[in-house]
Amino acid sequence: MPFKLALGDGLAEDIKSMQLYPRADRIYRDLEALGFDAQASLPIETVNQFDQLHYHGTDALDAAIEACGMSDGQDVLEVGSGWGGCARYLANSSGASVTAVELQKDYHDVACDLTQRVGPEGVVNHVNADFLELELPENGFDHAVSWLALFHIPDRQRYLRKISAALRDGGTFFGEDLYLIQEPDEEEAEDFRKHLFPNSLVDRQVYIASMEETGFDLDSFIDMTQDWTNFTRDRLAGFHANRAQYEAVHSAQGYETIETFYAKMASYFERGLVGGVRFAARARV
């Protein structure tokens, strides 16, 4: 069963409880520290050092390009695009046109600015919308992709059917996501909701079944739990080691905000509350 999170109408505001999301403009401080002011053109390789909000950076995007067979002239839908880093990289590397959907307006605004300044070789169309309410063209995309965003979206069956309907027959769906291994105890449940925002976090069995029920045939379902356990542990250790450098750019408060998120994620993986998956599927013909 899904791990349920009680929500009001303010989904975009509620997600700000995660320490990863309150300061969309912090990426500008990283770029300014390298000498790029607010009007400067930006090399995509430089921005990619900071604009990836998932694990393993552009390596994970290369895996999607290969699994999908993404190529020039194709249409790609990204669900939960953050700063637009994945969309820019996919467009630049494959030549595809990417429609990048992001719920949070501040992240969307920064993404639009960065895309304009990077000027990727492919086309990126940024859309600020609640994915569940967004009208999409039926059979309008060759591929759909998402990184660490699906578990945030309420009503898993609904959004999966929406993605399936948006894909052309045989179109591919590549994603990396979290799944539920063990629910937190009662004392930690509210903390878990606040720091993870898990609106449709389901166990592995339900995850697979729900995809099959909504029109997808799985090509691969790779468990990334141990890999991401190691990644989040090492990320936290590296963040601690580079505290002075981070605080010099982002302030002590900025450090504490991100450190809290990194520590929470490392703990959830280490204690076996959540697992990770990388999947590739096809819209059933």
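This is a predicted model: local features need pLDDT of at least 70, side-chain atom pairs count only at pLDDT 80 or more; totals for chains, interfaces and linings use all residues.

Reader: Let us begin with helix H10. How many residues does it have, and what distance does it reach from its first C-alpha to its last?

Author: Helix H10 runs over residues 225-241 and has 17 residues. It reaches 24 Å from first to last C-alpha, close to the 24 Å expected at 1.5 Å a residue.

Reader: Which residues of H10 are buried?

Author: The buried residues are Thr225, Trp228, Thr229, Thr232, Arg235, Leu236 and Phe239. They lie on the same side of H10, because they cover an arc of only 135° around the axis.

Reader: And what does the face turned away from that buried side carry?

Author: That face of H10 carries the exposed residues Gln226 and Ala241.

Reader: Turning to the rings, how many aromatic pairs does the structure hold?

Author: There are 16 aromatic pairs. One of them joins Phe192 and Tyr268 edge-to-face, at 5.0 Å centre to centre and with 70° between the planes. Phe192 lies in helix H8 (residues 189-196) and Tyr268 in helix H11, so this pair ties together parts that are 76 residues apart in sequence.

Reader: Are Phe192 and Tyr268 buried or exposed?

Author: Both Phe192 and Tyr268 are buried. A tilted pair is formed by Phe261 and Tyr262, with 6.2 Å between the centres and 55° between the planes. Phe261 and Tyr262 are both buried as well.

Reader: Which residues do ring pairs link into a cluster?

Author: The cluster consists of Phe173, Tyr207, Phe216, Phe221 and Phe279. Tyr207 also has Arg156 over its face, at 3.8 Å from the ring centre.

Reader: What sits over the ring of Phe131?

Author: The charged end of Lys162 does, 5.9 Å from the centre of the Phe131 ring.

Reader: Now the salt bridges. How many are there in the structure?

Author: The structure holds 15 salt bridges. In one of them Glu176 meets Arg278, with the closest N and O atoms 2.6 Å apart. Glu176 belongs to strand E5 and Arg278 to strand E7, so the bridge ties together parts 102 residues apart in sequence. Glu176 and Arg278 are both buried.

Reader: Which residue does Arg282 meet in a salt bridge?

Author: Arg282 meets Asp219, at 2.9 Å from N to O. Since Arg282 is in strand E7 and Asp219 in strand E6, the pair ties together parts that are 63 residues apart in sequence. Arg282 is partly exposed, with a relative accessible area of 34%, and Asp219 is partly exposed at 47%.

Reader: What about Arg243 and Glu247?

Author: Their side chains meet in a salt bridge of 2.8 Å, N to O. Arg243 and Glu247 are four residues apart in helix H11, so about one helical turn separates them. Arg243 is partly exposed, with a relative accessible area of 36%, and Glu247 counts as partly exposed at 24%.

Reader: Finally, which residues do salt bridges with shared partners join into one network?

Author: That network joins Asp75, Asp142 and Arg168.

Key: Residues are numbered from 1 along each chain as its sequence is written. Side-chain values use heavy atoms; hydrogens and water are left out. Helices (H or I, at least four residues) and strands (E, at least two) are DSSP runs, numbered from the N terminus. The expected span of a helix is 1.5 Å times one less than its number of residues. Buried means under 20% relative accessible area, exposed over 50%, partly exposed in between (1.4 Å probe, protein chains only). The arc is that of the directions from the helix axis to the C-beta atoms. Rings of Phe, Tyr and Trp (its six-membered ring) pair if their centres lie within 6.5 Å; planes under 30 degrees apart count as stacked, over 60 as edge-to-face and the rest as tilted. A charge sits over a ring if NZ of Lys or CZ of Arg is within 6 Å of the ring centre and within 35 degrees of the ring normal. A salt bridge is a side-chain nitrogen of Lys or Arg within 4 Å of a carboxyl oxygen of Asp or Glu.
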